[in-house]
Amino acid sequence: MEALKRFVLFLGVITLLAMIASVFFKWLAPAHMVSSVLLFIPLFYFVILFFSKLILQHVSSKDDRKFTQTFLAISVFRFLLYLAVLIAYSLLFPNDAVRFIISFFVFYFLFTVFEISYLYRDLHPRKN
């Protein structure tokens with residue numbers, strides 16, 4: 001349970017920093033470069049990564065051997081969800097599609113780097 005609290009804390013800090021960067025970008029950039037939902041994208045990633053970690057921890061706490069299979073299943077599901085969100089938003093709001101897609105992928109990169117680095121630290125603890 002301590003590992004989950006630490007993950008949520010780090011995820012919350014990354015999300016907060018992403019939100020602050022979004023506010024500054026929205027304030028400084030020209031209006032035609034900013035998606036109307038820019039501030040909601042980091043929250044979306046927070047929720048998705050939080051529930052992914054909950055599911056992964058729940059399944060792997062019962063059986064360590066299912067970690068890899070569950071991780072891959074969650075990754076595929078998230079990828080398909082991200083693709084569905086991109087397509088649906090682009091079809092519903094074509095005027096904002098390019099700005100949204102660029103913003104979405106910037107945050108995708110940020111949160112993926114966070115998740116991989118955190119997962120790497122969990123799987124390969126430092127030797128003292």
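Begin by selecting arginine 78, which sits in helix α3, spanning residues 67-92; helices (H or I, at least four residues) and strands (E, at least two) are DSSP runs, numbered from the N terminus. The model is predicted, with local features requiring pLDDT of at least 70 and side-chain atom pairs counted only at pLDDT 80 or more, whereas totals for chains, interfaces and linings use all residues. Residues are numbered from 1 along each chain as its sequence is written, and side-chain values use heavy atoms, with hydrogens and water left out.

Is arginine 78 buried or exposed? Its relative accessible area is 9%, so it is buried (under 20% relative accessible area is buried, over 50% exposed and in between partly exposed, with a 1.4 Å probe and protein chains only). Now show the residues that arginine 78 contacts, with neighbours within four places in sequence left aside: Ile48, Leu49, Ser52 and Glu115, where contact means heavy atoms within 4.5 Å.

**The whole chain**

Zoom out and colour by secondary structure, and the chain shows 4 helices and 0 strands, which follow the pattern α-α-α-α when read along the sequence. The C-alpha trace spans about 50 × 30 × 20 Å along its principal axes. Of the 128 residues in the chain, 29% are buried. Among contacts with a separation of 6 or more, 72% come from residues 24 or more positions apart.

**Helices α2 and α3**

Next, select residues 41-62, which form helix α2, together with α3: their axes come within 10 Å and cross at roughly 160 degrees. The axes are lines fitted to C-alpha atoms, for helices over the stretch in contact, and angles run from 0 to 180 degrees between N-to-C directions. The crossing angle makes α2 roughly antiparallel to α3 (under 35 degrees counts as roughly parallel, over 145 as roughly antiparallel, 65 to 115 as roughly perpendicular and the rest as oblique). On the α2 side the contact includes Phe44, Tyr45, Ile48, Leu49 and Ser52, and on the α3 side it includes Ile74, Arg78, Leu81 and Tyr82. By class, the residues of this contact divide into 13 nonpolar, 3 polar and 1 charged (Ala, Val, Leu, Ile, Met, Phe, Trp, Tyr, Cys and Pro count as nonpolar, Asp, Glu, Lys and Arg as charged, and the others, Gly among them, as polar).

**Helices α3 and α4**

Residues of α3 including Phe67, Arg78, Tyr82 and Tyr89 meet residues of α4 including Phe100, Phe104, Glu115 and Leu119. The contact of α3 with α4 has 14 nonpolar, 1 polar and 2 charged residues.

The loop between α3 and α4 holds the next stop, aspartate 96. Aspartate 96 counts as buried because its relative accessibility is 6%. With residues up to four places away in sequence not counted, aspartate 96 touches Val34, Ser35, Ser36, Val37 and Tyr89.

**Helices α1 and α2**

Move to α1 and α2, which pack at an angle of about 170 degrees with their axes 9 Å apart and are therefore roughly antiparallel to each other. Among the residues that make this contact are Leu4, Phe7, Leu11 and Thr15 of α1 and Pro42, Phe46, Leu49 and Lys53 of α2. The classes in the contact of α1 with α2 are 12 nonpolar, 4 polar and 1 charged.

While α1 is on screen, pick leucine 9, which lies in this helix and counts as exposed, at 54% relative accessibility. Drawing a C-alpha to C-alpha distance from leucine 9 to phenylalanine 77 gives 24 Å, for a pair that is 68 residues apart in sequence.

**The largest nonpolar core**

Which residues touch the most other members of the largest nonpolar core? Among its 19 residues, these are Leu11, Ile41, Tyr45, Phe100, Phe104, Phe107 and Phe111; a nonpolar core is a set of buried Ala, Val, Leu, Ile, Met, Phe, Trp, Tyr and Cys residues joined through side-chain atoms within 4.5 Å. Helices α1 (2-28), α2, α3 and α4 (97-123) each supply at least two residues of this core, and α4 gives the most, with 6 residues.

End the tour on phenylalanine 111, which, with residues up to four places away in sequence not counted, touches Leu11, Ile14, Thr15, Ala18, Pro42, Tyr45 and Leu49.
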